[in-house]
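Work through the exercises below with the sequence and the model open side by side. Try each task before reading its solution.

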Amino acid sequence: MLYKRGRCLKTELQKKITQKMSENMETGASVSNGSGAVGAGYEKEEGNLSPEDLSEMLAAGTKEVHEKAENTQFVKDFLRGRIRKELFKLGAVALYHTYTAMEEEIERNKDHPQFAPLYFPAELHRHEALARDLEYFYGPDWKSKISCSQATQQYVDRIHQVGQEDPVLLVAHAYTRYMGDLSGGQVLRKVAQRALKLPPTGEGLEFYQFDAIHSAKAFKQLYRSRMNELDLDVATKKKLVEEAVKAFHFNMEVFEELEEIGKTIQEDVQDAGMSVHGETGGDISKCPYYAAKMAASGGTAYFGQLVMAALRHPTGQVLFATWFAALAGLAAWYLM
């Protein structure tokens, strides 16, 4: 009985994914980069991409370090919904300092020929949203209550250095942060809202809300096509890949710093109900991101195991309908 139900749910998921993909392809969301409206349909077809395209080089060159970042204990705990509120707040502080530095340098270099095509302040900039989140968590005098940690300061210093000395490298930092925010960041928003019991109206989570982007899939395709059209030689592209790897390492150092701080915080941890996946034990294949990919690509056995585990969980039968809808959306995001 449960097996048949799992197969039916899988079929329905695949239908929803196909429908979502069709909607994304048809969406004509309009974005602006200071030179007038740009249709989201202005994109390079994925079938025409080559290994020499910057977006492809960045994806391939950061694959290993990306997986390492996803496997840090802080991220794995976050994905399971086991979040200490104080750590979440400190994470928002780190993001505020990071994005403030990056967006200061982006503004400084917005007319630079090797960055200008990627200038989307209305759509992407995050520091003002993070300021509102920090005001929610710390109160009106939040600025007097926060400070930049050591690991975050090293990240900030590097961003300022490249912005002032070699602005083209800002492309790597913008790619690493913004594209991640539009992908996995949307999953983290849902997990945090449940785990921390934050208001459904979005207070404390404005960082994750991109009001000016109507289709994350279409915008990411547009952004990548703009990157691929930058006038860069092979040597510069390789430097950008190296800088993107550095950006991931800076992020991992911030995660590790938060892990150490977490050991000193005595606070009950809320479980947001992501435990249907069980303990990942360092195995990335058990991460919700990977689960969505497997479901989207037709991983029948894996999907069936996932459904069975969820339906055996004491609260899984109640929450499964909501979880299923979220999984369908997540799988669609990853079919870029």
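Predicted model: local features only at pLDDT ≥ 70, side-chain atom pairs only at ≥ 80, totals over all residues.

Residues are numbered from 1 along each chain as its sequence is written, and side-chain values use heavy atoms, with hydrogens and water left out.

**Exercise 1. The whole chain**

Task: State how many helices and strands the protein chain has, and what share of its residues is buried.

Solution: Begin with the DSSP runs, numbered from the N terminus, where a helix is a run of H or I of at least four residues and a strand a run of E of at least two. On this basis the protein chain holds 15 helices and two strands. Next, take buried to mean under 20% relative accessible area, exposed over 50%, and partly exposed in between, with a 1.4 Å probe and protein chains only; buried residues then make up 50% of the 336 residues. Finally, with contact meaning heavy atoms within 4.5 Å, consider the contacts between residues at least 6 apart in sequence: 82% of them join residues at least 24 apart.

**Exercise 2. Helix 9 and its two partners**

Task: Describe how helix 9 packs against helix 11 and against helix 12.

Solution: Two packed helices are described by the angle between their axes and the distance between the axes. The axes are lines fitted to C-alpha atoms, for helices over the stretch in contact, and angles run from 0 to 180 degrees between N-to-C directions.

Step one concerns helix 9 (residues 170-182) and helix 11 (residues 216-228), whose axes come within 11 Å and cross at roughly 165°. That angle makes helix 9 roughly antiparallel to helix 11, since angles under 35 degrees count as roughly parallel, over 145 as roughly antiparallel, 65 to 115 as roughly perpendicular and the rest as oblique. In this contact V171, A174, Y175, Y178, M179 and L182 of helix 9 meet A216, F219, K220, Y223 and M227 of helix 11. These residues divide into ten nonpolar, no polar and one charged, where Ala, Val, Leu, Ile, Met, Phe, Trp, Tyr, Cys and Pro count as nonpolar, Asp, Glu, Lys and Arg as charged, and the others, Gly among them, as polar.

Step two turns to helix 12 (residues 234-262). The axes of helix 9 and helix 12 come within 8 Å and cross at roughly 50°, and the two helices are therefore oblique to each other. Here V171, A172, H173, T176 and R177 of helix 9 meet L240, E243, A244, A247, F248 and N251 of helix 12. By class, this contact has six nonpolar, three polar and two charged residues.

**Exercise 3. Helix 3 against helix 12**

Task: Determine how helix 3 is oriented relative to helix 12.

Solution: Helix 3 (residues 63-70) and helix 12 pack at an angle of about 10°, with their axes 10 Å apart. That makes helix 3 roughly parallel to helix 12. On the helix 3 side V65, H66, K68 and A69 take part, and they meet V245, F248, H249, M252 and F255 in helix 12. The residues of this contact divide into six nonpolar, two polar and one charged.

**Exercise 4. Helix 11 and its cover**

Task: Find how many of the residues of helix 11 are buried.

Solution: Helix 11 is mostly covered, with twelve of its 13 residues buried; among them are F219, L222, Y223 and M227. From its first C-alpha to its last, helix 11 reaches 18 Å, close to the 18 Å expected at 1.5 Å a residue, the expected span being 1.5 Å times one less than the number of residues.

**Exercise 5. Single residues**

Solution: Not counting residues up to four places away in sequence, L58 touches Y175, M227, L240, V241 and A244. The C-alpha atoms of L58 and V241 are separated by 5.3 Å, although the two residues are 183 residues apart along the chain.

Phi of K197 is near 55°, a positive value in a residue other than glycine. Most residues other than glycine have a negative phi.
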